[in-house]
Amino acid sequence: MLVPSLSLSGLIPKEGSYARFHLVFTVPIFFFLLLVCRRFLSSVHRAKIVFLSVAAVLYTTLWDNFIVAAGAWSYEPHNVIGVIGYVPIEEYFFFVIQTTSVALLSLLIFRWGNPKECYLAAHRERSYFLLRWVPTIILACGLPIGAYLAVSADSTFYLGMIVWWVSPVLAWQWWFAGPFIAVRPYRAFLAVAVPTVYFWVADHLAIQQGIWIISPRYTTGFALSDHLPIEEALFFLATNCLVVFGYLAFDRAVAVGSVLNLQSFKECRHDLVGDRTTRLKDWRRLKFTPSTLETMKATWFVVEPRDLDSQILSDLWAAVQAMSKGSLSFSAALQIYPEEIWMDVIAFYGICRITDDIVDEEEVPRERRSTLLHAVRTLLEDIDACSKETESEKLPYVIRCVRPSSVEDVNRDTDAQFESALDLVTAANCNAAAILRLWAYSNGPRIVGFGPVAELFRGYYFDLGEQGAKGSGYEKPALDKILTDDDVVKYAEQVAASVGEGMVLLMHHHFCTANPEFGGYVCGNKAGGDNARYHPKNGAACRCPLNDLVKHARDMGVAFQFVNCARDIVTDARIGRVYVPSSWFKAEFPPSDLVGNPDTYPRDQVRALAERLLQLAEPLVYSSRRGALEGLPGCYSRGVIAASDIYWKIAGEIRAVESGGYIERARTPAWWKVWVLIRTV
């Protein structure tokens, strides 16, 4: 019987003590990982680490007390501060610090790449069954095997107790999240192997110094080293697997909750959940977030891929692929932003990507591109109309067309128009329908609105030299060609500042509206209104109206477009486009010569034009960076700064060419992107 007791044998760590072990081996690593990860510790990650730490203490305490009482391992009383029950206080601290350290390392390893929801894609039924159930059954067999080893002989007692103790939890973790873990095997191996090897070394030294003692009577005699029994090696391997698998199981639960949140779009609008208890105008408020009881119920019981909407998962994957192929710089910068915003940003970028691809597809006749652009606009207008709280209950056509059961009481003539538009767009871009659906599912249409999208289309119509549909609000800009500085600024505002505005609206929503306390700032209805932010330490309002944030975002978008224009002067000229003001050209080298003979046009003249564009961009880059630092919390401003550093490097590559030279399609080097990400971390 375990008799709890409390005794203190000293408070000052001394040489060879358990406390000194922590000061040397665990505490420095923990604070190093915390320092590196602090920029990415969102409320979800903090909740995950607290959950895992509490679970580790609760699950390990009785087991560890039992094996110490049985004599499997022991300690010298003068080497510990005190004991609770049979276990040193430092051992309880070990439960927590090992769990938090491994969880922080897992955050660094698993955070990068695609959104977690991408890894929920269903496997083939047979392979999923084998991948999930075979390891689960094998791990579950450890329970009776471990119990047998623990009671069959003294020499296998410690080994049996470890196997018996760890097997049921690992079996449950794999049953719940095995395929989700297996889809990233190398990262999972790294997350387990690195801390395991480190703790093996630390354990070897601790046993060597006599900080704790492993009983020869209750061990098999096999060892990895003179002071590292195989049982101890297995213990640290198993506990690190518990933490990493638990971390990924929690991630899977959050990802499932995110998908259920998107599915609630349809359920709340069509009474698919039974009695209607949510009014139409409140459907967006039914959120499956990790902080709600509904999420915990749904995410821990929805375990089969068929319980999730495979259409949403495939649509997300299509949008991610479009982003990865379309802009490596944007994909790299996205990694710095909090994961909570990734879904909306990817959907917004996907819309920009498919429309930009339509405009730039020079092999397609201009009239055809204009028709495709109008088709996309028609579908986006439908999505925007259906996202408004006061509109009818019907879903956007891009969603209705894949849900036959929901096509009721709709205007057949209108649907025929949408069907024709979707067929045109899908024929031109196989991922277009998926990206449009993801945009409809996301919060983007409600947060961004249609203003930035409308402005973006005005820029596209200028590119095509066409006028928008009559009465659509997308009239051709008054300028027929770019003559002055103001003209090029106006064009950049249409095609790039609009994107920056959409991005900052998404950020503002996530850090201020959706997360009233986020990144160290509190936003609310105080002296500064909804658009002010407040520092909780002094309570003073730090004026930063949303209008100012939008202005800085638009300035950065204009600057990036100037860099684009400087990079693509020759490339654009080959397709008959010139985005440099005519007033900048010398009389002996007119724009017509650049368009007529881009390969023979003097490169010193091209370099001079590019430099002038970069000079226009430079002050905007630095002013907008300052605005981001002043107006956004660190979790978002760092992403903005990283994006500007990555993109502004293109200007550096143009300027790095020797005087009078010009490099076409300059790119940001891969090593620079890696350096920016490391530096930001």
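Reader: Take helix H24. How many residues does H24 have, and how far does it reach from its first C-alpha to its last?

Author: Helix H24, residues 634-656, has 23 residues. It reaches 31 Å from its first C-alpha to its last, close to the expected 33 Å at 1.5 Å a residue. The expected span is 1.5 Å times one less than the number of residues. Helices here are DSSP runs of H or I with at least four residues, strands are runs of E with at least two, and both are numbered from the N terminus.

Some ground rules. This is a predicted model, in which local features need pLDDT of at least 70 and side-chain atom pairs count only at pLDDT 80 or more, while totals for chains, interfaces and linings use all residues. Residues are numbered from 1 along each chain as its sequence is written, and side-chain values use heavy atoms, without hydrogens or water.

Back to H24. Because 17 of its 23 residues are buried, H24 is largely enclosed by the rest of the structure. Buried means under 20% relative accessible area, exposed means over 50%, and partly exposed lies in between (1.4 Å probe, protein chains only).

H12 covers residues 342-360. Its 19 residues should span 27 Å at 1.5 Å a residue, and its end C-alpha atoms are 26 Å apart, which agrees. H12 is mostly covered, with 16 of 19 residues buried.

Now the whole protein. It has 25 helices and 11 strands. Of its 681 residues, 55% are buried. Contact means heavy atoms within 4.5 Å. Among contacts with a separation of 6 or more, 76% join residues 24 or more positions apart.

Gln173 gives one case. It sits in helix H6. Gln173 is buried, at 6% relative accessible area. Cys241 is 68 residues away in sequence, yet the two C-alpha atoms are 9.9 Å apart. Leaving aside neighbours within four places in sequence, Gln173 contacts Gly178, Cys241, Leu242, Phe245 and Gly246.

H6 also packs with a helix. The axes of H5 (residues 142-152) and H6 (residues 157-182) come within 7 Å and cross at roughly 160°. That makes H5 roughly antiparallel to H6, a label for angles over 145 degrees. On the H5 side, the contact includes Gly142, Leu143 and Gly146. On the H6 side, Phe157, Trp164 and Pro168 are among the contact residues.

How values were computed. Axes fitted to C-alpha atoms, helices over the stretch in contact; angles between N-to-C directions. Parallel < 35°, antiparallel > 145°, perpendicular 65-115°, else oblique.
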